[in-house]
Every structure is written in C-alpha cells, then in structure tokens.
Amino acid sequence: MDDPFTTEKYTAKSRQAISDKRLQGALADVQARLGPATQTMYSAQPEGAGIRQQAHEIRQRCIENLDILLEALADKVTGNGGQVFFANDAEEAVSCCLAVAKKHGVKTVVKGKSMVTEEVGLNQALEAEGVDVAETDLGEYIIQLAGEKPSHIIAPAIHKTREQVGQLFAEKLGIDYTADPAALTQAARAVLREKFLAADMGITGCNLACAQTGHITTVSNEGNIRMTSTLPRVHVAFMGMERVVATLKDHDILFRLLSSGAAAQKLGGYVSYVGGPGPEDYPDGPVAFHLIIIDNGRSRMLADPAFREMLCCIRCSACLNVCPVYGKIGGHAYGSPYSGPVGAVVTPLLAGLNRAQDLCFGETLCGACKQACPVDIDLPRMLRELRFRLAEGDETWSATPVSKPEKFAMDTFAWFTSHPAAYRAALFSASRMQALVYAKEGPIRQLPGPLAGWTRSRTLRKISSRPFRSQWKSRKQPS
Amino acid sequence: MIQNHRASFINRVRQSLGPDIGPADVRRARIFPETSEKVSQNLLQAVQSRAPKERETLLAMLMDQAGPLHLHVTPVADPAEAAQQIAALVRQKNPEWGEKKSLIRWSHPLLDALDLESVLADQHIPVHTTAMDSQADLQGQRQLIRENTVASFMGITAADYCVADTATIVMKTHPHQGRAVSLVPSVHVAVITIDQILTNLTELYAVLDDEKNTPENGLTHHMVFISGPSKTADIELTMVHGAHGPKEMHIFVIRA
C-alpha cells in the first residue's frame, strides 16, 4: 500500500514554498479572507462568545462515551438496512471497500472530498484493481488531474493559479485555453456530470454523525457530495471513529461551528443526513449503503490523556487560515492529508512521532490556532507535549529522543536553574569567558559548532557582567 | 465478505477510555436523555402558536438572508399564482444540456394543486413526476424516472420546512419524492407555504427532535438541507455558481 505521508521532507519543502512568490500570494489571500471572517461568524452565533467552549464540552463528553455512541450509530444504521464495518487500520478499511466494489461489480467510482480516504490511501488501491476513480470536488478534481496532493483541507487546489488550471484543463480535457474561473468550472461540470451519471459507486467521507438518530452527515457547497451519495447505486462512506456526536442538539451546534470554521458560513450549502439505503419502491437513491468506521491509530490517542483532546477535532481547517507557519509554507510541506496546526499534531500521532518530528517543532506556539478553533482545542499544549515526548523519548508512542546532546544540555540547564548558587557561579564564569571569545561590542552574531543553528537567523545578547538580581538590588527605589 | 471486528473494535475503544468510565448503561442513559428540555418545549409552542404577522416577519427575514446566497424568494398569493410564476420561468430559461424543455416534479399534494400539466400545455412542455407504483416493475420505473430527471432542465419540489435565518429548505426523503429532482436539473424550484417557515436552526432542531420518534414523520433514511444554488470558490477563491448542482434556485412562498 502507498504511504500517504512524506513528512520527512518538511524542511526542504518549506524552503521551496517560501521562495514561491505565487504560492505566497495565494496563501496570504486565503488567510486574509477566511481568518478574520471566521471570528465574526463565531461571535454572531446566538449562544454568544462562549459557544466554542460549550462545543468543546460537548465534544469532550462525546469522546468520553465513544464506545456507546459508536454502538448506537451502528445499530441504527444496520436497522435501517445499511452495513457497518469497523476497520482497525488503513489496510482493513481499504480491503473492505474493495470487497464491496467487487461484490457490486463496480467499474467506476465518483468521490466526494474526504481526507480520511487520503489517509488510508484508497484511490491508489482502487486504481490498482482497475477501478476508475474520479474526485468530484472541483479543487480535488484539479489536483487529481495534475497528479498532486491536497494543500488545504477544504480548498485543496488553493496553491494553483487560474492560469495553471487553465493550462491543465486545456491539456487534460482538450478544451480551449481559458483562465476564467466560471468557464473552467463549467468545463469541469460537464465532464463530471457524465461521470456522476455513469458511476457504479459513490464514496464520501463523513463530516459528523449523530448517534441517537443513526445518520452520518456530509456538507458541500458544490453539491458534488450529494451527487456522489444520490446517483450511483452503491454509497460507501468513510468515517474516522471520533466523528460522532450524541444527539441532534449537539449536532446542531457543531454543524453550525463547522460551517463557520470552514468557510465563514452560517451553514454549508448542502447538508445531507444519510441513515441507510432507501426502500426499493422509492424513486431514486442508492440501494446499498456501507459505513466504514476507522480507527487507524485513533484509539491510541484516546488512551493517552494528553492527546485525547485531539479527537474533538472536526477537521474544519479554521486553524490553517490563521497559522503564521501554514501561511508561509502552505499545505504540501506537511507531507500529510492533514496540514497546518491540526496536521502538526495529528500527523505525528498517526505516522509516528520521530518520523514527523519536524512538524511539531516547526510551529510557533503563538496560540492563534486555539483562538480560531470552533471547538477550542488547545493545539499549542499538544505541540509542547509532543516536543516533550520527543525530547525525553516515549515508550507508548515508540519515540526515541530526538537529540541526546540537546537532552543532556536541557537536563543540565534544569539542574542549574534549581540550584541558585551553582547557577550564579556558572553565569559569572560564563560572562568572563565570553569576553575572551567575543571581544567586539554588541550581540553575538555567530555561535560555534552545533550551536551555530541558533544564530543563523538571529543574534544573541551577551551575558551581562552584572546579573539582573544584583542590578535589581542596587536599583533606587522610587519613594 | 471480509470479517467484521465490531466487538473487538468497541472493546478496544472502551479499554482506551480507561478503568474509571463507569458502567455503559448508566452512561447511555445520561448521554441520550429521554425527555426533551424545557427550552425545546417552549420553542415548539412558539412555532405552533405563531401569529400571521409574525409569519410575515419571518418571510421578510428569509428574503433578506436569501439575497446574498443567490437564492430567489418570491411570495405568491396562492397555488395558481405559483404555477403562473413557474410558467414564466420555464418560458424565460433555456436548457443547459440539449434543446428540449421538460420538467420533473415530485408527486406531492401541494404540487399536484399547481396543475402544472395544464398551465404548461400551451408551451408544450412535458411534466414528469417521480411517483412510483409499488405494484408494478420497480426497476423499470426507477430507470424511467432517472432518465426523465436527467433530461429535465427544471426540477420542482416542495419541502418539509424552511429556515429563515440561514435561507435553508429542509427535505426529508418521502415516497414518490425523488432526491435528484432538487439536484440534477439546472434550475431548482421549491414551492412552500408560509407556515412552513421557521426562525432559525435551533427552532428547526427542536421540531426535528420532537418528530424523531414518530414513525410517520421521523427522520427517515435521508434528509437534506439546501441553502441556495450550487457554488464553488476552488479556483483562486472566485465565487462561481453551478459547480455540480443547480445553477439557479427559486423558492415560491404561498401566503394563503
């Protein structure tokens, strides 16, 4: 199976992105349009400013009762004539989908945008079996034609200019070149309409599920997910196991916040509730519905009190739209279907801490993501926790210490700070020693050896010959 | 079929939650409350006892919200006027795919009352429905309905509810009411009555919650909320209407 993660290239890809002027413009644009607008939408909710905290409590309560919610959801869907499959990992999820496709003699598939299917590498697996897979979200369709990966959770082709899309369509769809978004959208509309009408199977993700009523819900503005879940005779939905709430009331609040967080909307254009296949004597709709509920490492997050909070996430991508790091390096650098702050936490937890270590070290801990999160997830706390586990090493996550010298240096520093006399003595001798190496006035411009990285893009102030404590003591008290 | 791991899957989730979570039945009772809250009861009462003047206020609110979403809301006096308005639209609009104009509509009492078949007779426009005869060949009927839906340039539906604050129509899936009618044709027209308008989503969910346990109007196997025509901003964040679904959407609100 293809590995969906290429997180090792984080630093190289970031550097590449920063020097890409067109990408910088596109990222600045998406952040300027969606970032502030999202905040306005939150505060316009009838529940008032506290709604994000309220939603956090709802999600926390749902996650703490996840076993019950999943059972209730599965019972209802099964009772409605649907099939529910529980997949422990990516491989099981994919083979389940392949088995369904085989059973129904599926040759062509249309897909709604779904990050969890990217996570399990579904498209490649279907294509390997000779099934024709068409992504139908316009952005996702563009990157599928271009042979690329999504760079934003809800706007996957945000890194492409209209001219690039025009050239791509001229080349792949054989239309006359145009850079007009309306004409390009119309061209894709015509091609994809035929695909929708011909497809044997539709595959979607799941934005949220309601356990009490037994429905999964999907949202789109284009209507492609409705097409995908209405026209083919078989509908398969992929769902990360945490995407469930208990009641309709919970669902109402979270879906409003999802719409606000994702696109600064009151409500997404099309919201579909799917609880099973329709009876045979209904005029249309799929005759088979399969729900694949995926763990793939999520129960490990559930079991770790420090990372359980991550399962509250509803993948709206609001944190991408405010993150100063995402705003510079874009989505591809993260090497994961999940980019931005959410990606920096969730990717290490899915792909392995050491493998994705650069992601959590790359974020700034500025806290903008927490402020933008519709369910008030403390991403900075989890980033710090990941850094801690990576520094110390961690058995449950099979993490080995990132840098032994750094760990030694930090442990030494910790010892000195808790022994004041030794600390003062060390500072005193260091301030005398530095005078021998750095004779010049002003800050230190280049540290030696392994410390040089610190001064590559900043200077370091010299240690004062008189420590702050003694300056403070001799300071004149205002009378 | 490959093996399903439900029991072990749920068990692992339970184990991951830790030893202190408490018995499942106690937690189940707590997370799925039996009785609806007093707030919901009050909301329901407000919906049921709404005065005509308040309904007009909601209609005005719906029209305000619909504008920016490119959703056209037109109040009409009665079903006959709704039918005339639809006839005018049919005359005005050209089909997006192919030359011939035809319509597809739900089989629904409100739409039956419009008598579109007669109103459109002088334009020679065929009006198909999604009515099913459960005694006849189901496959064949579904096939024909699909062909008619794909061939139609306009789809006409009713709705269960309409939410003013978000300019949303709510449609549960009922027999004889095709889902694709509001999706595949280039123009979607929904006909509703003024008493179907609710204030906001909170009110809607109170109503849905109240109905969820009654078999005849429970949530059914499928329900959709539609707030305006299909749209996308996937190319340089430029808004374009008509990505996959209808390019145009109209709601006619019957006042009487």
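Colleague: At what angle do the axes of helix α4 (residues 66–79) of chain A and helix α1 (residues 6–16) of chain B cross?

Modeller: The two axes cross at roughly 155° and come within 8 Å. Axes are lines fitted to C-alpha atoms, for helices over the stretch in contact, with angles from 0 to 180 degrees between N-to-C directions; helices (H or I, at least four residues) and strands (E, at least two) are DSSP runs numbered from the N terminus. Because of this angle, α4(A) is roughly antiparallel to α1(B) (under 35 degrees is roughly parallel, over 145 roughly antiparallel, 65 to 115 roughly perpendicular, the rest oblique).

This is a predicted model, in which local features need pLDDT of at least 70 and side-chain atom pairs pLDDT 80 or more, while totals for chains, interfaces and linings use all residues, and side-chain values use heavy atoms, without hydrogens and water. Residues are numbered from 1 along each chain as written, with chains lettered from A and ligands numbered from 1 in written order.

Colleague: Which residues make the contact between α4(A) and α1(B)?

Modeller: Contact means heavy atoms within 4.5 Å. From α4(A) come L66(A), D67(A), L70(A), E71(A), A74(A) and D75(A), and from α1(B) come R6(B), F9(B), I10(B), V13(B) and R14(B). Six are nonpolar, none polar and five charged (Ala, Val, Leu, Ile, Met, Phe, Trp, Tyr, Cys and Pro are nonpolar, Asp, Glu, Lys and Arg charged, the others, including Gly, polar).

Colleague: How do helix α2 (residues 21–43) and helix α12 (residues 248–263) of chain A cross?

Modeller: Their axes come within 7 Å and cross at roughly 155°, so α2(A) is roughly antiparallel to α12(A). Among the residues in this contact are L34(A) of α2(A) and L257(A) of α12(A). The contact has six nonpolar, three polar and no charged residues.

Colleague: Is H188(B) buried or exposed?

Modeller: H188(B) is buried because its relative accessibility is 1% (buried is under 20% relative accessible area, exposed over 50%, partly exposed in between, with a 1.4 Å probe and protein chains only). H188(B) lies in strand β7 (residues 187–193) of chain B. Not counting residues up to four places away in sequence, H188(B) touches several residues, including I169(B), E248(B) and H250(B).

Colleague: Where is C366(A)?

Modeller: C366(A) is in the loop between α16 (357–362) and α17 (368–372) of chain A. With a relative accessible area of 48%, C366(A) is partly exposed. The C-alpha atoms of C366(A) and R387(A) are 15 Å apart, and these residues are 21 residues apart along the chain.
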